[in-house]
Amino acid sequence: MSEIIKVTKSKEETMSLGRELATKLPDGITITLTGDLGAGKTTFVRGLAEGLHIKEVVQSPTFNIMKIYLKGDRPLIHIDAYRLADIDTDIGLDEYIGYETGITVIEWPMFISKLIPSDSIELEITNLGGDNRQIKFKSKDDSLLEMVK
Ligand SMILES: Nc1ncnc2c1ncn2[C@@H]1O[C@H](COP(=O)(O)OP(=O)(O)OP(=O)(O)O)[C@@H](O)[C@H]1O
Ligand SMILES: [Mg+2]
(Lines give C-alpha, C1' and ligand atoms only; values in the text may rest on other atoms or scores of the structure.)
(Ligands and ions follow the chains in the order given, each with its own letter.)
Protein backbone atom coordinates (compact mmCIF):
# COMPACT_ATOMS: atom_id res chain seq x y z
CA MET A 1 0.00 0.00 0.00
CA SER A 2 1.60 3.30 -1.12
CA GLU A 3 0.51 6.70 0.08
CA ILE A 4 0.72 10.38 -0.79
CA ILE A 5 0.12 13.09 1.78
CA LYS A 6 -1.11 16.59 1.01
CA VAL A 7 -2.11 19.47 3.27
CA THR A 8 -4.84 21.94 2.36
CA LYS A 9 -5.29 25.29 4.07
CA SER A 10 -8.87 26.03 3.06
CA LYS A 11 -12.02 24.31 1.83
CA GLU A 12 -11.32 25.77 -1.62
CA GLU A 13 -7.96 23.97 -1.72
CA THR A 14 -9.63 20.69 -0.77
CA MET A 15 -12.22 21.23 -3.49
CA SER A 16 -9.55 21.94 -6.06
CA LEU A 17 -7.82 18.64 -5.23
CA GLY A 18 -11.12 16.91 -6.03
CA ARG A 19 -11.65 19.03 -9.12
CA GLU A 20 -8.23 18.14 -10.58
CA LEU A 21 -8.58 14.45 -9.77
CA ALA A 22 -12.03 14.21 -11.39
CA THR A 23 -10.62 14.53 -14.90
CA LYS A 24 -7.95 11.86 -14.35
CA LEU A 25 -9.85 9.05 -12.62
CA PRO A 26 -10.55 5.84 -14.54
CA ASP A 27 -14.13 4.75 -15.20
CA GLY A 28 -15.65 2.65 -12.45
CA ILE A 29 -13.22 3.79 -9.74
CA THR A 30 -14.20 3.78 -6.07
CA ILE A 31 -12.84 6.37 -3.64
CA THR A 32 -13.37 5.88 0.08
CA LEU A 33 -13.37 8.87 2.42
CA THR A 34 -12.62 8.54 6.09
CA GLY A 35 -12.21 11.25 8.71
CA ASP A 36 -14.09 12.70 11.65
CA LEU A 37 -17.37 14.60 11.38
CA GLY A 38 -16.60 17.89 9.67
CA ALA A 39 -13.20 16.74 8.40
CA GLY A 40 -14.01 17.71 4.83
CA LYS A 41 -15.19 14.51 3.12
CA THR A 42 -18.25 16.07 1.49
CA THR A 43 -16.22 19.18 0.61
CA PHE A 44 -13.85 16.96 -1.38
CA VAL A 45 -16.84 15.35 -3.15
CA ARG A 46 -18.09 18.86 -4.08
CA GLY A 47 -14.75 19.44 -5.80
CA LEU A 48 -15.03 16.15 -7.68
CA ALA A 49 -18.54 17.12 -8.79
CA GLU A 50 -17.29 20.48 -10.09
CA GLY A 51 -14.54 18.70 -12.01
CA LEU A 52 -17.20 16.50 -13.63
CA HIS A 53 -19.24 19.62 -14.52
CA ILE A 54 -22.12 18.58 -12.28
CA LYS A 55 -24.14 21.74 -11.61
CA GLU A 56 -26.32 20.37 -8.83
CA VAL A 57 -25.15 21.22 -5.32
CA VAL A 58 -23.73 18.16 -3.61
CA GLN A 59 -25.38 17.85 -0.21
CA SER A 60 -24.24 15.65 2.58
CA PRO A 61 -26.15 12.47 1.77
CA THR A 62 -26.38 11.39 5.41
CA PHE A 63 -30.16 11.33 5.20
CA ASN A 64 -30.25 9.76 1.73
CA ILE A 65 -27.54 7.09 2.09
CA MET A 66 -26.99 7.41 -1.67
CA LYS A 67 -27.32 10.11 -4.31
CA ILE A 68 -26.50 9.66 -7.99
CA TYR A 69 -25.61 12.66 -10.17
CA LEU A 70 -26.13 11.84 -13.85
CA LYS A 71 -25.88 15.24 -15.48
CA GLY A 72 -22.10 15.65 -15.54
CA ASP A 73 -19.36 14.29 -17.80
CA ARG A 74 -19.62 10.95 -16.00
CA PRO A 75 -22.00 9.64 -13.33
CA LEU A 76 -21.05 10.45 -9.73
CA ILE A 77 -22.39 8.06 -7.12
CA HIS A 78 -22.13 9.51 -3.60
CA ILE A 79 -22.74 7.07 -0.76
CA ASP A 80 -22.71 7.97 2.93
CA ALA A 81 -22.77 4.72 4.88
CA TYR A 82 -22.89 6.41 8.30
CA ARG A 83 -26.46 5.40 8.95
CA LEU A 84 -25.85 1.82 7.84
CA ALA A 85 -23.80 1.16 10.98
CA ASP A 86 -25.31 -1.81 12.77
CA ILE A 87 -27.75 -2.50 9.95
CA ASP A 88 -27.11 -5.92 8.52
CA THR A 89 -29.52 -5.64 5.62
CA ASP A 90 -28.51 -5.90 1.98
CA ILE A 91 -29.99 -2.80 0.33
CA GLY A 92 -28.33 -3.44 -3.04
CA LEU A 93 -25.62 -0.77 -2.86
CA ASP A 94 -23.20 -3.15 -4.56
CA GLU A 95 -25.03 -2.46 -7.84
CA TYR A 96 -23.72 1.12 -7.78
CA ILE A 97 -20.16 0.62 -6.55
CA GLY A 98 -17.94 0.53 -9.63
CA TYR A 99 -20.93 1.41 -11.83
CA GLU A 100 -20.00 1.56 -15.53
CA THR A 101 -18.24 4.86 -16.34
CA GLY A 102 -19.15 6.29 -12.97
CA ILE A 103 -17.04 7.46 -10.07
CA THR A 104 -18.24 6.11 -6.73
CA VAL A 105 -17.33 7.98 -3.54
CA ILE A 106 -18.11 6.45 -0.17
CA GLU A 107 -18.11 8.30 3.16
CA TRP A 108 -17.84 6.05 6.24
CA PRO A 109 -16.75 2.98 4.19
CA MET A 110 -16.07 0.95 7.35
CA PHE A 111 -19.79 0.33 7.68
CA ILE A 112 -19.94 -1.42 4.31
CA SER A 113 -16.39 -2.75 4.26
CA LYS A 114 -17.39 -5.99 2.54
CA LEU A 115 -18.55 -4.01 -0.50
CA ILE A 116 -15.36 -1.98 -1.04
CA PRO A 117 -13.33 -3.10 -4.09
CA SER A 118 -9.63 -3.76 -3.45
CA ASP A 119 -8.56 -1.48 -6.32
CA SER A 120 -9.92 1.67 -4.72
CA ILE A 121 -8.29 4.92 -3.63
CA GLU A 122 -8.56 5.50 0.11
CA LEU A 123 -8.60 9.07 1.38
CA GLU A 124 -8.07 9.86 5.03
CA ILE A 125 -8.74 13.45 6.05
CA THR A 126 -7.42 14.73 9.38
CA ASN A 127 -8.26 18.12 10.88
CA LEU A 128 -4.91 19.71 11.81
CA GLY A 129 -6.61 22.68 13.47
CA GLY A 130 -8.15 25.81 12.01
CA ASP A 131 -8.73 25.32 8.31
CA ASN A 132 -5.75 23.01 7.83
CA ARG A 133 -6.46 19.45 6.76
CA GLN A 134 -4.09 16.57 6.07
CA ILE A 135 -5.30 14.47 3.16
CA LYS A 136 -3.68 11.07 2.83
CA PHE A 137 -4.24 9.14 -0.41
CA LYS A 138 -3.60 5.40 -0.23
CA SER A 139 -3.94 2.65 -2.81
CA LYS A 140 -2.72 -0.85 -3.46
CA ASP A 141 -2.44 0.18 -7.12
CA ASP A 142 0.51 2.58 -7.60
CA SER A 143 -0.77 3.69 -11.00
CA LEU A 144 -3.87 5.12 -9.29
CA LEU A 145 -1.68 7.17 -6.94
CA GLU A 146 0.25 8.57 -9.90
CA MET A 147 -2.90 10.54 -10.73
CA VAL A 148 -2.82 12.27 -7.38
CA LYS A 149 0.71 13.65 -7.80
N1 LIG B 1 -9.03 22.70 4.40
C2 LIG B 1 -10.34 22.39 4.47
N3 LIG B 1 -10.84 21.38 3.73
C4 LIG B 1 -12.14 21.02 3.81
N5 LIG B 1 -13.06 21.61 4.61
C6 LIG B 1 -12.61 22.64 5.37
C7 LIG B 1 -11.26 23.07 5.33
N8 LIG B 1 -11.12 24.10 6.20
C9 LIG B 1 -12.33 24.30 6.74
N10 LIG B 1 -13.24 23.45 6.26
C11 LIG B 1 -14.66 23.39 6.70
O12 LIG B 1 -14.86 22.13 7.35
C13 LIG B 1 -16.18 21.65 7.08
C14 LIG B 1 -16.11 20.30 6.39
O15 LIG B 1 -17.43 19.81 6.29
P16 LIG B 1 -17.82 18.52 5.45
O17 LIG B 1 -19.29 18.47 5.40
O18 LIG B 1 -17.05 18.51 4.17
O19 LIG B 1 -17.25 17.37 6.41
P20 LIG B 1 -17.54 15.80 6.39
O21 LIG B 1 -16.22 15.16 6.63
O22 LIG B 1 -18.28 15.43 5.16
O23 LIG B 1 -18.46 15.60 7.67
P24 LIG B 1 -19.61 14.49 7.98
O25 LIG B 1 -18.91 13.29 8.56
O26 LIG B 1 -20.46 15.19 8.99
O27 LIG B 1 -20.32 14.18 6.70
C28 LIG B 1 -16.86 22.70 6.21
O29 LIG B 1 -17.58 23.58 7.04
C30 LIG B 1 -15.66 23.42 5.56
O31 LIG B 1 -15.96 24.76 5.22
MG1 LIG C 1 -20.10 14.46 4.80
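**The sheet and its surroundings**

Mentor: Seven strands make an open sheet with mixed pairing, in the order β1-β7-β6-β2-β5-β4-β3. Strands (E, at least two residues) and helices (H or I, at least four) are DSSP runs numbered from the N terminus, and two strands pair if DSSP finds at least two bridges between them. This is a predicted model, where local features need pLDDT of at least 70, side-chain atom pairs count only at pLDDT 80 or more, and totals for chains, interfaces and linings use all residues. Residues are numbered from 1 along each chain as its sequence is written, with chains lettered from A and ligands numbered from 1 in the order in which they are written.

Trainee: Which strands stand at the edges?
Mentor: β1 (2–8) and β3 (66–69) do; each has a single partner strand, so one side of each lacks a neighbour in the sheet.

Trainee: And how do β3 and β4 run?
Mentor: They run antiparallel, joined by four bridges. Met66 has Ile79 in β4 as its bridge partner.

Trainee: Switching topic: which residues are closest to ligand 1?
Mentor: Thr14, Gly40, Lys41, Thr42 and Asp131, out of 17 surrounding residues (C-beta, placed from the backbone, within 6 Å of the ligand). α1 (11–22) and α2 (41–51) each supply at least two residues of that shell.

Trainee: What does Val105 touch?
Mentor: Not counting residues up to four places away in sequence, Val105 touches Ile31, Leu33, Val45, Leu48 and His78; contact means C-beta atoms, placed from the backbone, within 7 Å.

Methods:
Two residues are in contact if their C-beta atoms, placed from the backbone, lie within 7 Å.
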